[in-house]
Amino acid sequence: MDLFDSAGTDDAGLPLDARAPLAVRMRPRSLDEVLGQDHLLAPGSPLRRLVEPADEARGRGAGVSSIILWGPPGTGKTTLAHLVARASGRRFVELSAVTAGVGRVREVIGDARRHLVGGEETVLFIDEVHRFSRTQQDALLPGVENRWVVLVAATTENPSFSVVSPLLSRSLLLTLRPLGVDDVGALIDRALADERGLAGAVGIDDDARRLIVRLAGSDARKSLTVLEAAAGMVLAAAGRAAEEGPADESAGEWAGAPLITPADVERAADAAAVRYDRAGDQHYDVVSAFIKSMRGSDPDATLHYLARMIAAGEDPRYIARRIAVHAAEDVGLADPAVLATAVAAQQAVALIGMPEARLVLAQAALAVATAPKSNAVTVGIDRALADVRAGRGGPVPAHLRDAHYPGAQALGHGAGYLYPHDFPHAVAAQSHLPDSLAGARYYEPTANGFEKRLSSRLEAVRRLQGRS
(Lines give C-alpha, C1' and ligand atoms only; values in the text may rest on other atoms or scores of the structure.)
Protein backbone atom coordinates (compact mmCIF):
# COMPACT_ATOMS: atom_id res chain seq x y z
CA MET A 1 0.00 0.00 0.00
CA ASP A 2 1.26 3.49 -0.89
CA LEU A 3 1.59 5.49 2.31
CA PHE A 4 -0.08 8.43 0.59
CA ASP A 5 -3.21 6.54 -0.39
CA SER A 6 -6.41 7.00 1.59
CA ALA A 7 -5.96 6.31 5.30
CA GLY A 8 -9.51 5.83 6.48
CA THR A 9 -11.48 8.26 8.64
CA ASP A 10 -10.81 10.38 11.68
CA ASP A 11 -12.64 10.52 15.01
CA ALA A 12 -15.54 12.33 13.43
CA GLY A 13 -15.86 9.81 10.60
CA LEU A 14 -14.33 12.19 8.03
CA PRO A 15 -11.73 11.09 5.48
CA LEU A 16 -8.22 11.21 6.90
CA ASP A 17 -5.47 12.79 4.85
CA ALA A 18 -2.76 10.14 4.63
CA ARG A 19 -0.23 12.94 4.78
CA ALA A 20 -1.34 13.68 8.32
CA PRO A 21 1.19 12.70 11.00
CA LEU A 22 1.12 9.07 12.02
CA ALA A 23 0.12 10.07 15.55
CA VAL A 24 -3.00 11.77 14.13
CA ARG A 25 -3.88 8.88 11.82
CA MET A 26 -3.54 6.38 14.67
CA ARG A 27 -5.66 8.33 17.13
CA PRO A 28 -8.08 5.82 18.75
CA ARG A 29 -11.54 5.72 17.23
CA SER A 30 -13.16 4.30 20.36
CA LEU A 31 -12.44 3.88 24.05
CA ASP A 32 -11.55 0.24 23.40
CA GLU A 33 -8.51 1.41 21.39
CA VAL A 34 -7.23 3.66 24.18
CA LEU A 35 -4.13 2.16 25.81
CA GLY A 36 -2.84 2.44 29.35
CA GLN A 37 -5.94 3.93 30.99
CA ASP A 38 -7.92 0.86 31.99
CA HIS A 39 -8.70 2.41 35.38
CA LEU A 40 -10.84 5.04 33.60
CA LEU A 41 -12.55 2.71 31.13
CA ALA A 42 -14.42 0.18 33.24
CA PRO A 43 -18.05 -0.45 32.24
CA GLY A 44 -20.27 2.23 33.74
CA SER A 45 -17.34 4.54 34.51
CA PRO A 46 -17.95 8.30 34.15
CA LEU A 47 -15.79 8.45 31.03
CA ARG A 48 -17.69 5.63 29.32
CA ARG A 49 -21.02 7.25 30.21
CA LEU A 50 -19.75 10.49 28.74
CA VAL A 51 -18.43 9.00 25.50
CA GLU A 52 -20.77 6.14 24.70
CA PRO A 53 -24.28 6.97 23.40
CA ALA A 54 -26.74 7.47 26.22
CA ASP A 55 -30.13 5.82 26.43
CA GLU A 56 -32.53 8.22 24.72
CA ALA A 57 -35.01 7.68 27.57
CA ARG A 58 -32.62 9.50 29.87
CA GLY A 59 -32.99 12.61 27.77
CA ARG A 60 -30.53 14.81 25.95
CA GLY A 61 -27.56 15.82 28.03
CA ALA A 62 -28.54 13.73 31.04
CA GLY A 63 -25.53 12.74 33.06
CA VAL A 64 -23.05 14.66 30.87
CA SER A 65 -20.46 16.32 33.08
CA SER A 66 -17.47 18.48 32.33
CA ILE A 67 -14.17 16.77 32.93
CA ILE A 68 -10.59 17.72 33.71
CA LEU A 69 -7.99 15.33 32.34
CA TRP A 70 -4.74 15.38 34.30
CA GLY A 71 -1.74 13.44 33.11
CA PRO A 72 1.71 13.53 31.49
CA PRO A 73 2.16 14.49 27.82
CA GLY A 74 1.24 11.85 25.26
CA THR A 75 -1.11 9.82 27.47
CA GLY A 76 -4.29 10.48 25.45
CA LYS A 77 -5.87 13.66 26.82
CA THR A 78 -6.56 15.16 23.38
CA THR A 79 -7.76 11.80 22.09
CA LEU A 80 -10.30 11.49 24.89
CA ALA A 81 -11.52 15.02 24.17
CA HIS A 82 -12.15 14.07 20.52
CA LEU A 83 -13.99 10.92 21.60
CA VAL A 84 -16.24 12.96 23.90
CA ALA A 85 -16.97 15.34 21.06
CA ARG A 86 -17.74 12.52 18.67
CA ALA A 87 -20.33 11.01 21.03
CA SER A 88 -23.88 11.88 19.99
CA GLY A 89 -22.62 14.26 17.29
CA ARG A 90 -21.57 17.08 19.62
CA ARG A 91 -19.85 20.19 18.26
CA PHE A 92 -16.15 20.39 19.03
CA VAL A 93 -14.53 23.73 19.78
CA GLU A 94 -10.90 24.05 20.84
CA LEU A 95 -9.41 27.06 22.61
CA SER A 96 -5.76 27.82 23.16
CA ALA A 97 -4.92 28.63 26.75
CA VAL A 98 -2.16 30.88 25.44
CA THR A 99 -4.08 33.04 22.96
CA ALA A 100 -7.75 32.98 24.01
CA GLY A 101 -8.77 35.96 26.14
CA VAL A 102 -11.83 36.35 28.33
CA GLY A 103 -13.77 37.86 25.45
CA ARG A 104 -13.17 34.81 23.27
CA VAL A 105 -14.19 32.47 26.09
CA ARG A 106 -17.50 34.32 26.52
CA GLU A 107 -18.04 34.33 22.75
CA VAL A 108 -17.64 30.54 22.58
CA ILE A 109 -20.03 30.01 25.49
CA GLY A 110 -22.56 32.32 23.85
CA ASP A 111 -22.36 30.35 20.60
CA ALA A 112 -22.78 27.12 22.56
CA ARG A 113 -26.00 28.41 24.15
CA ARG A 114 -27.42 29.21 20.72
CA HIS A 115 -26.56 25.76 19.38
CA LEU A 116 -28.02 24.15 22.49
CA VAL A 117 -31.37 25.75 21.71
CA GLY A 118 -31.30 23.81 18.43
CA GLY A 119 -30.49 20.59 20.26
CA GLU A 120 -26.75 20.48 19.57
CA GLU A 121 -24.32 20.21 22.48
CA THR A 122 -20.85 21.73 22.36
CA VAL A 123 -17.66 20.19 23.70
CA LEU A 124 -15.18 22.92 24.58
CA PHE A 125 -11.66 21.53 24.69
CA ILE A 126 -8.94 23.55 26.43
CA ASP A 127 -5.48 22.08 26.40
CA GLU A 128 -3.01 23.25 29.06
CA VAL A 129 -5.81 24.81 31.07
CA HIS A 130 -3.29 25.55 33.83
CA ARG A 131 -2.07 28.39 31.60
CA PHE A 132 -5.48 30.09 31.85
CA SER A 133 -5.52 32.99 34.29
CA ARG A 134 -7.99 32.99 37.16
CA THR A 135 -10.11 35.53 35.25
CA GLN A 136 -10.20 33.30 32.18
CA GLN A 137 -11.14 30.27 34.28
CA ASP A 138 -13.85 32.25 36.09
CA ALA A 139 -15.32 33.16 32.68
CA LEU A 140 -15.92 29.44 32.07
CA LEU A 141 -18.02 28.95 35.20
CA PRO A 142 -21.48 30.01 33.88
CA GLY A 143 -21.14 27.74 30.84
CA VAL A 144 -20.01 24.78 32.93
CA GLU A 145 -22.47 25.29 35.78
CA ASN A 146 -25.47 25.63 33.43
CA ARG A 147 -24.18 22.92 31.09
CA TRP A 148 -24.18 25.22 28.11
CA VAL A 149 -20.89 23.52 27.25
CA VAL A 150 -19.29 20.21 28.10
CA LEU A 151 -15.85 21.36 29.16
CA VAL A 152 -12.96 18.98 28.57
CA ALA A 153 -9.87 20.58 30.04
CA ALA A 154 -6.46 18.96 29.85
CA THR A 155 -3.48 19.73 32.05
CA THR A 156 -0.09 18.31 32.92
CA GLU A 157 -0.10 20.23 36.23
CA ASN A 158 -1.86 19.28 39.47
CA PRO A 159 -5.36 20.79 39.11
CA SER A 160 -5.55 21.36 42.88
CA PHE A 161 -2.98 24.10 42.39
CA SER A 162 -3.59 25.20 38.81
CA VAL A 163 -7.41 25.18 38.44
CA VAL A 164 -9.70 27.48 40.44
CA SER A 165 -11.76 25.69 43.08
CA PRO A 166 -15.21 26.57 41.66
CA LEU A 167 -14.30 25.11 38.27
CA LEU A 168 -12.70 22.06 39.84
CA SER A 169 -15.76 21.38 42.00
CA ARG A 170 -18.06 21.48 38.96
CA SER A 171 -16.01 18.99 36.95
CA LEU A 172 -14.97 15.37 37.15
CA LEU A 173 -11.23 15.02 37.67
CA LEU A 174 -9.82 12.08 35.73
CA THR A 175 -6.16 11.22 36.26
CA LEU A 176 -4.35 9.61 33.33
CA ARG A 177 -1.44 7.35 34.14
CA PRO A 178 1.88 7.35 32.27
CA LEU A 179 1.88 4.70 29.57
CA GLY A 180 3.82 1.59 30.46
CA VAL A 181 6.46 -0.11 28.31
CA ASP A 182 3.93 -2.70 27.14
CA ASP A 183 1.42 0.00 26.20
CA VAL A 184 3.89 1.95 24.06
CA GLY A 185 5.11 -1.28 22.49
CA ALA A 186 1.55 -2.30 21.63
CA LEU A 187 0.97 1.12 20.06
CA ILE A 188 4.05 0.70 17.86
CA ASP A 189 2.88 -2.76 16.76
CA ARG A 190 -0.59 -1.41 15.99
CA ALA A 191 0.81 1.46 13.91
CA LEU A 192 3.03 -0.93 11.93
CA ALA A 193 0.13 -3.20 10.99
CA ASP A 194 -2.96 -0.96 10.89
CA GLU A 195 -4.20 0.31 7.52
CA ARG A 196 -4.40 3.80 8.98
CA GLY A 197 -0.74 3.58 9.81
CA LEU A 198 2.09 1.84 7.99
CA ALA A 199 -0.02 -1.14 6.90
CA GLY A 200 2.86 -3.63 6.98
CA ALA A 201 5.01 -1.55 4.63
CA VAL A 202 7.91 -1.81 7.05
CA GLY A 203 8.98 -4.12 9.87
CA ILE A 204 11.05 -3.49 12.97
CA ASP A 205 13.61 -5.54 14.83
CA ASP A 206 13.33 -6.08 18.56
CA ASP A 207 16.21 -3.78 19.51
CA ALA A 208 14.80 -0.93 17.44
CA ARG A 209 11.38 -1.40 18.99
CA ARG A 210 12.85 -1.32 22.48
CA LEU A 211 14.84 1.79 21.59
CA ILE A 212 11.74 3.67 20.43
CA VAL A 213 9.94 2.67 23.62
CA ARG A 214 12.84 3.94 25.70
CA LEU A 215 13.22 7.21 23.79
CA ALA A 216 9.49 7.89 23.99
CA GLY A 217 9.20 7.26 27.72
CA SER A 218 5.45 7.33 28.40
CA ASP A 219 4.66 9.62 25.47
CA ALA A 220 2.58 7.85 22.81
CA ARG A 221 2.83 10.77 20.41
CA LYS A 222 6.62 10.79 20.58
CA SER A 223 6.83 7.05 19.94
CA LEU A 224 4.76 7.37 16.75
CA THR A 225 6.68 10.42 15.60
CA VAL A 226 10.00 8.58 15.89
CA LEU A 227 8.53 5.46 14.27
CA GLU A 228 7.16 7.46 11.33
CA ALA A 229 10.49 9.20 10.72
CA ALA A 230 12.40 5.91 10.87
CA ALA A 231 9.90 4.23 8.52
CA GLY A 232 10.21 7.07 6.03
CA MET A 233 13.98 6.72 5.96
CA VAL A 234 13.83 2.93 5.58
CA LEU A 235 11.26 3.07 2.78
CA ALA A 236 13.30 5.65 0.92
CA ALA A 237 16.41 3.48 1.22
CA ALA A 238 14.42 0.41 0.12
CA GLY A 239 13.25 2.28 -2.96
CA ARG A 240 16.81 3.03 -3.93
CA ALA A 241 17.91 -0.55 -3.23
CA ALA A 242 15.10 -1.99 -5.36
CA GLU A 243 16.83 -0.65 -8.44
CA GLU A 244 19.97 -2.59 -7.56
CA GLY A 245 18.64 -6.10 -6.93
CA PRO A 246 15.93 -8.32 -5.35
CA ALA A 247 14.94 -7.86 -1.73
CA ASP A 248 16.30 -10.17 1.00
CA GLU A 249 13.59 -12.68 1.88
CA SER A 250 15.21 -13.75 5.19
CA ALA A 251 13.77 -11.11 7.46
CA GLY A 252 11.77 -13.51 9.63
CA GLU A 253 8.38 -12.18 10.73
CA TRP A 254 8.79 -9.16 8.46
CA ALA A 255 9.99 -11.11 5.41
CA GLY A 256 9.73 -9.04 2.25
CA ALA A 257 9.41 -5.73 4.12
CA PRO A 258 12.33 -3.39 4.83
CA LEU A 259 13.33 -3.54 8.47
CA ILE A 260 13.82 -0.65 10.90
CA THR A 261 17.03 -1.06 12.91
CA PRO A 262 18.36 0.81 15.97
CA ALA A 263 20.61 2.84 13.69
CA ASP A 264 17.53 3.99 11.75
CA VAL A 265 15.81 4.98 14.99
CA GLU A 266 18.84 6.93 16.17
CA ARG A 267 19.06 8.85 12.91
CA ALA A 268 15.31 9.42 12.88
CA ALA A 269 15.40 10.86 16.37
CA ASP A 270 18.07 13.26 15.08
CA ALA A 271 20.35 12.28 17.95
CA ALA A 272 22.41 9.33 19.12
CA ALA A 273 20.46 6.88 21.25
CA VAL A 274 20.63 8.03 24.84
CA ARG A 275 22.82 5.45 26.53
CA TYR A 276 21.35 6.00 29.93
CA ASP A 277 18.88 3.82 31.76
CA ARG A 278 17.01 5.45 34.64
CA ALA A 279 16.70 2.07 36.34
CA GLY A 280 20.27 0.85 35.73
CA ASP A 281 23.83 1.57 36.73
CA GLN A 282 24.23 4.34 34.17
CA HIS A 283 21.58 6.33 35.99
CA TYR A 284 23.98 6.72 38.87
CA ASP A 285 26.96 7.28 36.60
CA VAL A 286 25.31 10.11 34.68
CA VAL A 287 23.91 11.75 37.82
CA SER A 288 27.34 11.49 39.44
CA ALA A 289 29.01 13.05 36.40
CA PHE A 290 26.43 15.85 36.39
CA ILE A 291 27.09 16.65 40.05
CA LYS A 292 30.86 16.49 39.67
CA SER A 293 30.75 18.70 36.59
CA MET A 294 28.84 21.39 38.53
CA ARG A 295 31.26 21.02 41.43
CA GLY A 296 34.20 21.12 39.03
CA SER A 297 33.05 24.44 37.51
CA ASP A 298 32.65 22.96 34.01
CA PRO A 299 29.49 24.48 32.49
CA ASP A 300 29.80 22.59 29.20
CA ALA A 301 30.00 19.16 30.84
CA THR A 302 27.20 20.22 33.18
CA LEU A 303 24.92 20.93 30.21
CA HIS A 304 25.96 17.69 28.48
CA TYR A 305 24.97 15.46 31.40
CA LEU A 306 21.86 17.53 32.06
CA ALA A 307 20.84 16.98 28.43
CA ARG A 308 21.37 13.23 28.78
CA MET A 309 19.12 13.10 31.81
CA ILE A 310 16.42 15.19 30.13
CA ALA A 311 16.54 13.17 26.90
CA ALA A 312 16.27 9.94 28.89
CA GLY A 313 13.09 11.15 30.57
CA GLU A 314 14.51 11.74 34.03
CA ASP A 315 12.01 13.36 36.39
CA PRO A 316 12.80 17.11 36.18
CA ARG A 317 11.85 17.49 39.84
CA TYR A 318 14.60 15.04 40.76
CA ILE A 319 17.13 17.04 38.72
CA ALA A 320 15.99 20.28 40.36
CA ARG A 321 16.44 18.75 43.83
CA ARG A 322 20.01 17.69 43.02
CA ILE A 323 20.82 21.20 41.81
CA ALA A 324 19.42 22.74 45.00
CA VAL A 325 21.39 20.35 47.19
CA HIS A 326 24.65 21.18 45.47
CA ALA A 327 23.96 24.89 45.48
CA ALA A 328 24.35 24.58 49.25
CA GLU A 329 26.95 21.80 49.33
CA ASP A 330 29.40 23.09 46.73
CA VAL A 331 28.72 26.85 46.55
CA GLY A 332 27.28 27.75 49.90
CA LEU A 333 28.07 31.27 51.07
CA ALA A 334 30.66 31.81 48.34
CA ASP A 335 27.60 33.01 46.40
CA PRO A 336 24.45 32.94 48.57
CA ALA A 337 22.23 33.89 45.60
CA VAL A 338 22.81 30.52 43.90
CA LEU A 339 20.71 28.62 46.43
CA ALA A 340 17.89 31.11 45.92
CA THR A 341 18.17 30.50 42.17
CA ALA A 342 18.04 26.73 42.69
CA VAL A 343 15.00 26.91 44.97
CA ALA A 344 13.23 29.18 42.47
CA ALA A 345 14.06 26.60 39.80
CA GLN A 346 12.38 23.86 41.84
CA GLN A 347 9.22 25.93 42.06
CA ALA A 348 9.31 26.86 38.39
CA VAL A 349 9.80 23.25 37.28
CA ALA A 350 6.73 22.23 39.29
CA LEU A 351 4.64 25.03 37.78
CA ILE A 352 5.84 24.89 34.18
CA GLY A 353 6.62 21.26 33.40
CA MET A 354 8.56 19.92 30.45
CA PRO A 355 9.74 20.75 27.85
CA GLU A 356 10.00 24.42 28.90
CA ALA A 357 11.41 23.46 32.30
CA ARG A 358 14.64 22.42 30.58
CA LEU A 359 15.52 26.12 30.38
CA VAL A 360 14.97 26.57 34.10
CA LEU A 361 17.08 23.51 34.91
CA ALA A 362 19.86 24.69 32.61
CA GLN A 363 19.95 28.15 34.19
CA ALA A 364 20.08 26.77 37.72
CA ALA A 365 22.71 24.14 36.89
CA LEU A 366 24.87 26.76 35.18
CA ALA A 367 24.50 29.04 38.20
CA VAL A 368 26.02 26.29 40.35
CA ALA A 369 28.70 25.39 37.79
CA THR A 370 29.92 28.95 37.23
CA ALA A 371 29.74 30.19 40.83
CA PRO A 372 32.76 30.44 43.15
CA LYS A 373 32.99 27.25 45.17
CA SER A 374 33.07 26.58 48.90
CA ASN A 375 32.19 23.50 50.89
CA ALA A 376 32.55 25.37 54.20
CA VAL A 377 28.82 25.04 54.89
CA THR A 378 28.99 21.28 54.36
CA VAL A 379 32.11 20.87 56.49
CA GLY A 380 30.69 23.09 59.21
CA ILE A 381 27.39 21.30 59.70
CA ASP A 382 29.06 17.87 59.48
CA ARG A 383 31.57 18.85 62.19
CA ALA A 384 28.78 20.09 64.42
CA LEU A 385 26.73 16.92 63.86
CA ALA A 386 29.75 14.76 64.62
CA ASP A 387 30.17 16.45 68.02
CA VAL A 388 26.46 16.19 68.85
CA ARG A 389 26.30 12.52 67.86
CA ALA A 390 29.40 11.81 69.93
CA GLY A 391 27.71 13.31 72.99
CA ARG A 392 29.89 16.40 73.11
CA GLY A 393 27.68 19.26 74.13
CA GLY A 394 26.52 20.08 77.57
CA PRO A 395 23.78 22.28 78.95
CA VAL A 396 22.77 25.50 77.25
CA PRO A 397 24.45 28.42 79.07
CA ALA A 398 22.09 30.00 81.61
CA HIS A 399 22.18 33.46 80.01
CA LEU A 400 20.87 31.99 76.70
CA ARG A 401 17.96 30.04 78.17
CA ASP A 402 14.32 31.02 77.75
CA ALA A 403 13.34 33.49 80.46
CA HIS A 404 9.77 34.22 79.41
CA TYR A 405 7.82 31.67 81.42
CA PRO A 406 6.90 32.10 85.11
CA GLY A 407 9.67 31.09 87.44
CA ALA A 408 12.41 31.12 84.77
CA GLN A 409 14.16 34.17 86.20
CA ALA A 410 14.20 32.60 89.64
CA LEU A 411 16.21 29.78 88.08
CA GLY A 412 18.69 32.28 86.70
CA HIS A 413 17.57 31.85 83.10
CA GLY A 414 18.52 34.84 80.97
CA ALA A 415 20.61 36.43 83.71
CA GLY A 416 23.56 38.29 82.27
CA TYR A 417 22.38 38.09 78.68
CA LEU A 418 23.81 40.92 76.56
CA TYR A 419 21.48 42.23 73.86
CA PRO A 420 23.78 42.59 70.80
CA HIS A 421 21.98 45.63 69.39
CA ASP A 422 22.99 47.60 72.47
CA PHE A 423 26.65 47.32 71.43
CA PRO A 424 28.75 48.74 68.57
CA HIS A 425 28.46 46.69 65.37
CA ALA A 426 25.65 44.73 67.11
CA VAL A 427 28.22 42.36 68.61
CA ALA A 428 28.50 41.67 72.36
CA ALA A 429 31.38 40.00 74.13
CA GLN A 430 29.62 36.89 75.38
CA SER A 431 29.82 33.15 74.76
CA HIS A 432 27.10 31.15 73.03
CA LEU A 433 28.43 27.58 72.91
CA PRO A 434 28.12 25.21 75.85
CA ASP A 435 31.07 25.55 78.21
CA SER A 436 32.47 22.17 77.19
CA LEU A 437 32.74 23.36 73.57
CA ALA A 438 34.18 26.80 74.29
CA GLY A 439 36.45 27.82 71.43
CA ALA A 440 35.14 25.20 68.99
CA ARG A 441 35.03 26.30 65.36
CA TYR A 442 32.75 24.62 62.89
CA TYR A 443 32.36 27.17 60.12
CA GLU A 444 35.60 28.28 58.48
CA PRO A 445 34.89 30.42 55.41
CA THR A 446 37.18 30.13 52.41
CA ALA A 447 38.78 32.94 50.44
CA ASN A 448 36.44 32.28 47.48
CA GLY A 449 33.74 34.64 46.30
CA PHE A 450 31.62 36.32 48.96
CA GLU A 451 33.25 34.18 51.65
CA LYS A 452 36.45 36.20 51.27
CA ARG A 453 34.61 39.26 52.64
CA LEU A 454 32.72 37.08 55.09
CA SER A 455 35.98 35.67 56.46
CA SER A 456 37.34 39.11 57.34
CA ARG A 457 34.06 40.12 58.99
CA LEU A 458 33.82 36.88 60.95
CA GLU A 459 37.33 37.26 62.34
CA ALA A 460 36.47 40.77 63.52
CA VAL A 461 33.25 39.51 65.14
CA ARG A 462 35.09 36.72 66.91
CA ARG A 463 37.62 39.19 68.29
CA LEU A 464 34.81 41.37 69.67
CA GLN A 465 33.23 38.29 71.22
CA GLY A 466 36.54 37.32 72.76
CA ARG A 467 36.77 34.12 70.73
CA SER A 468 39.78 34.89 68.53
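Modeller: Helices here are DSSP runs of H or I with at least four residues, strands are runs of E with at least two, and both are numbered from the N terminus. This is a predicted model, in which local features need pLDDT of at least 70 and side-chain atom pairs count only at pLDDT 80 or more, while totals for chains, interfaces and linings use all residues. Residues are numbered from 1 along each chain as its sequence is written, and side-chain values use heavy atoms, with hydrogens and water left out.

Colleague: Which residues of α16 are buried?

Modeller: Buried means under 20% relative accessible area, exposed means over 50%, and partly exposed is in between, using a 1.4 Å probe and protein chains only. In α16 the buried set is Ala-357, Val-360, Leu-361, Ala-362, Ala-364, Ala-365, Ala-367, Val-368 and Ala-369. When you look at such a list, remember that an α-helix has 3.6 residues a turn, so residues three or four places apart point the same way.

Colleague: How do the axes of α15 and α16 cross?

Modeller: Axes are lines fitted to C-alpha atoms, for helices over the stretch in contact, and angles run from 0 to 180 degrees between N-to-C directions. Helix α15 (residues 337-352) and α16 have axes that come within 9 Å and cross at roughly 170°. As for the names, angles under 35 degrees count as roughly parallel, over 145 as roughly antiparallel, 65 to 115 as roughly perpendicular and the rest as oblique. α15 and α16 are therefore roughly antiparallel to each other. Handedness is left if the near helix is turned anticlockwise from the far one by less than a right angle, and right if clockwise; the crossing of α15 and α16 is left-handed.

Colleague: Which residues of α15 and α16 meet?

Modeller: Contact means heavy atoms within 4.5 Å. From α15 come Val-338, Thr-341, Ala-342, Ala-345, Ala-348, Val-349 and Ile-352, and they meet Ala-357, Val-360, Leu-361, Ala-364, Ala-367 and Val-368 of α16. In the loop between these two helices you find Pro-355, joined to Met-354 by a cis peptide bond with omega about 10°.

Colleague: On to the sheet. What is the order of the 5 strands?

Modeller: Two strands pair if DSSP finds at least two bridges between them. The open sheet runs β2-β3-β4-β1-β5, with parallel pairing. Its edges are β2 (91-96) and β5 (171-175), each of which pairs on one side only. From one strand to the next, the twist averages 20°.

Colleague: How many bridges join β2 to β3?

Modeller: There are 6 bridges between β2 and β3, which run parallel, and Ser-96 has Asp-127 of β3 as its bridge partner. Next, β3 pairs with β4 (residues 150-155) in the parallel sense over 4 bridges, with Ala-153 in β4 as the partner of Ile-126.

Colleague: What lies across β2 and β3?

Modeller: That is helix α4 (residues 102-117), lying across β2 and β3 (122-127) and running at about 175° to β2. β3 itself is mostly covered, with 5 of its 6 residues buried.

Colleague: Is Val-144 buried or exposed?

Modeller: Val-144 belongs to helix α5 (residues 134-145), and it counts as buried because its relative accessibility is 6%. Beyond its neighbours within four places in sequence, Val-144 is in contact with Ser-66, Val-149, Leu-151, Leu-167, Arg-170 and Ser-171. Ser-171 is 27 residues away along the chain, yet the two C-alpha atoms are separated by 8.1 Å.

Colleague: What is the phi of Glu-128?

Modeller: Glu-128 has a positive phi of about 55° although it is not a glycine. It sits in the loop between β3 and α5 and, at 31% relative accessibility, counts as partly exposed.

Colleague: To finish, how many helices and strands does the chain have?

Modeller: The chain has 18 helices and 7 strands, and buried residues make up 41% of its 468 residues.
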